[in-house]
Amino acid sequence: MKKVVALRRGLIWAGSTVAALALLLVLTAAALDAGYLHDVLVKFIASKLERPVHVEGTLRLNLLSRNPRLLAEDVSIGSPPWTPAGVAAKAGKISVVFATPHLGRELVMDQVTIEHATLHLFRDASGHANWQVRNPDNSAPHSLPMIRSLSMLDAHVLLDDALKHRQFDGTVSAHDAKGAAAEQAFRIEGKGKLNGRAVSFEVAGDPLRNASRDQRYTFTFSERSSGAHLAGNGSLRRAFDLRRYDATFEAAGADLKDMYYLTGTGLIDTGSFHLSGKLVRQGHTSAFSDLVVTSGQSDVRGSVSIEGIGAQLNVAGELNSQYLRLADLGPRAAGRDPQPAGSEALLMSDAKPDPSVLRRGRTDMKYSARRVEAGRVTFNSVSMKFTNDHGEIVTPITAEVLGGKLNAELKIDAGRDVPVVHLDTRISGMQLSQYTPKKGGPSPMEGALDVRAEVAGHGKSMHEFAASIDGTVTASMSAGMVRESLAELTGIDLRGLGLLLAKNKKEVPVRCGIASFQARDGTLTAKNLVLDTDPVLIAGQGFVHMDTERLDLVLRGYPKNVRFLQLRAPIAIHGTLKAPSIGIEAHDSKFVLVDPGKAKDADCGALLQ
C-alpha cells in the first residue's frame, strides 16, 4: 500500500514539474513575442554564433506559431574570437521565418530577408575568417543552414582576403528569381572593384525551394574584369555545402595576368589568351584537370592539384606543351612596356615574386615541351621538375639545343628574405652551324661547342641574381670551321674586308677556341678568350657587367703569315647583352705597310684542359 502511495506522489510531482516547465516555456515564448527578455535573447544568440551580437532596435521572437519568426532591427554582429576584433556585419533589419520544427530534423529557414546590410569580410593568410561558423583550428568546416528563400538587396560588401589575395569593395544582391523564372534560378549579382579593378559577376542556381541535402545543386557563373571574362557551370555535391563541388570553366582576355583581377591568382603576362578546364573541390583540395591555355602560337596543357589547409599550400601537377614561344610571354607580348621610361631594356627579368609564398608549403610540378623557342634558339625535348619544400627548391632541367645536350640544375634557398641561388649548367656537342644569324643566311661558324656554367648568387629576381653571381663560365670547341672573312676581319686588313664585301663563303679550319670567364660580384672577367684559326690567332680580354648587362670586350687578330697594308685595329664589343654593338677601337689603331705575321698556333691541349 505504501509503495502505491509513493508511486502516486511521484507521478503527481513529475506531472506538476512538466506542467510547470511547459507553462514557463509558454510564458517565456509569450514574453519574447511581446518584446520582453531582450538582453537574454541577444546573449543566447551570441553564444550560439560564438561572436558578439548587438541589437539596438526591435527584437522579437514569435515561437507560438506553426512557423516561428524572428525580427531584429539595427543589428551589429562582431568578428569571432579566432580573428581580430571588429564588426563583421551590420543590418538595418533581419527577418527570419522558420519552417515548422520537427523533432530530430535540421532547422530550416523558410524565408530570410536582410535589408540595408554592410558586410566586413576578413580572412588572414593562415585561413582564419570572420565568416566561418566554427574555429577552423578546432573543428571541421560546417555546411551552411538550409534556406528556402533569401533576399538581400544591394548589400555593401568589403572583402579583405589575404589567403586568396582578393580585395573587394562593392555591392552584392542575393534573391530568388521573380515571375516566370521563379522555378528556374536563385541569383547572386555583384559589382564593384576587385583587386583595384572594376568587376561584375553573377551566379544563377537552382531554386532554393527545391534544394536538398540529398541531391546536387547546380549553378552557372560569369565574371568580368579588365577585359577578361570567366564563365562556367558546376554543381555542389549537396546543397549549401561549399566544401565539395565540381565545375567546368572557360576564360578569355587580352592578358593572362588580368586573371588576378578575377581570381586573386598571380599569373604571367601574355598576349590574348584562352583558358579552359575542369575543377573538383573536395574539402581542402582543389584539383584542376583538362587544363588548356593558348596564347599566340604557344600552348600549355595538363593538370594541377592544390591543397590549402590554413596557410599551408601544397601543389602538385604535370604540364606539357607542344610548342612554347617565349615571345608570347611577358609584358612585351601583352603590349606593355617592361622597362621604366628612359631606362635601357634588360635581358634578365627584374620581376620579383614574393619568396614568402614558397615557404608556405610543398610543390612537386613536372613540365615537358616538345619545342621551346627562345629568340633564334630552339630547345627540343625539354623536361624539367620543380620541387619545393617550404622554400628549399631544386629544379633539374634537360633539353636538346642546336643538336647538343643540355643538363642543368637550379637550387634556390628561399627560406630567407633574399633567396640564395646556385646554378650548374652543362651543354655538350652544341652545333654552331645550326644557329641562325639575325639577318639570315648560314652561320658564320661550324663546330661542336661545349658550355659549362657553375655560379652562385642571391636576389629576388633573375636580374638581381645575375648581378651578384660568383663562379665560372666557360665555352670551348676543339675543332670546327669559320668563314675566312670573319677570321680576317679581326685583323682588319684589306684582304679580310675584301672577302666580306664579296660575300666570300670560303671557310678556314678552327684549331680550337675557348671563352673562359671568372665571375665575381656580378662581373665576368675574361681569363682566356681565344679563337685559333689557320690564318689568324684571335685573342681577347675584357669584362661583362651583369648589373648593367653592359659588355666591355676587346678582340685582336694576330696573323700567322705576312700581311701587306695591315691596319692593326682591335675590335670592341660594347652595348648590352640584349643589344651588343661591334666596332673598331680607332684610338688604338695603327697602320703598317707589312705585318710579318709571326703569330704561333695556340696550345689547344693546355687551353682545353
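**Close-up views of a predicted model**

**Figure 1. Aromatic pairs in the structure.** A search of the whole structure, which is a predicted model, finds three aromatic pairs. One of them joins Phe-219 and Phe-221 in a tilted arrangement, with 6.3 Å from centre to centre and 40 degrees between the planes. Phe-219 is buried, its relative accessible area being 17%. Phe-221 has a relative accessible area of 21% and is partly exposed. The cut-off for a buried residue is under 20% relative accessible area, so Phe-219 at 17% falls within the buried class, whereas Phe-221 at 21% is classed as partly exposed.

**Figure 2. The pair formed by Phe-249 and Phe-288.** The ring centres of Phe-249 and Phe-288 lie 6.1 Å apart, and because their planes stand at 80 degrees, the pair is edge-to-face. Phe-249 belongs to strand S13 (residues 244-253) and Phe-288 to strand S15 (residues 285-295), so the pair ties together parts that are 39 residues apart in sequence. Phe-249 counts as buried, at 14% relative accessibility. Phe-288, at 23% relative accessibility, counts as partly exposed.

**Figure 3. The surroundings of Leu-551.** Leu-551 lies in strand S30, which spans residues 550-559. The residue is buried, with a relative accessible area of 11%. Beyond residues up to four places away in sequence, Leu-551 touches Phe-543, Val-544, Ile-573, His-574, Gly-575, Thr-576, Leu-577 and Pro-580. Pro-580 is 29 residues from Leu-551 along the chain, and the C-alpha atoms of these two residues are separated by 7.3 Å.

**Figure 4. The second largest pocket.** The volume of the second largest pocket is about 230 Å³. Its lining consists of Ala-99, Thr-100, Pro-101, His-102, Arg-105, Glu-106, Leu-107 and Val-108. By residue class, the lining of the second largest pocket comprises four nonpolar, two polar and two charged residues.

**Figure 5. The protein chain as context for the close-up views.** The protein chain contains eight helices and 34 strands. Of its 609 residues, 38% are buried. Among contacts between residues at least 6 apart in sequence, 50% join residues at least 24 apart. The protein chain exposes about 33,200 Å², of which carbon and sulfur atoms supply 58%.

Terms used. Residues numbered from 1 in each chain as written. Predicted model: local features only at pLDDT ≥ 70, side-chain atom pairs only at ≥ 80, totals over all residues. Heavy atoms only, no water. Helix = DSSP H or I, 4+ residues; strand = E, 2+ residues; numbered from the N terminus. Buried < 20%, exposed > 50% of the residue type's maximum accessible area, 1.4 Å probe, protein only. Contact = heavy atoms within 4.5 Å. Areas by Shrake-Rupley, 256 points an atom, 1.4 Å probe, with all protein chains shown as cover. 1 Å grid on protein atoms, 1.4 Å probe; cavity = no way out; pocket = protein on both sides within 12 Å on 5 of 7 lines; lining within 4 Å. Points joined across faces, edges and corners; volume = space filled by probe spheres on them. Nonpolar A, V, L, I, M, F, W, Y, C, P; charged D, E, K, R; others polar. Phe/Tyr/Trp six-rings, centres within 6.5 Å; stacked < 30°, edge-to-face > 60°.
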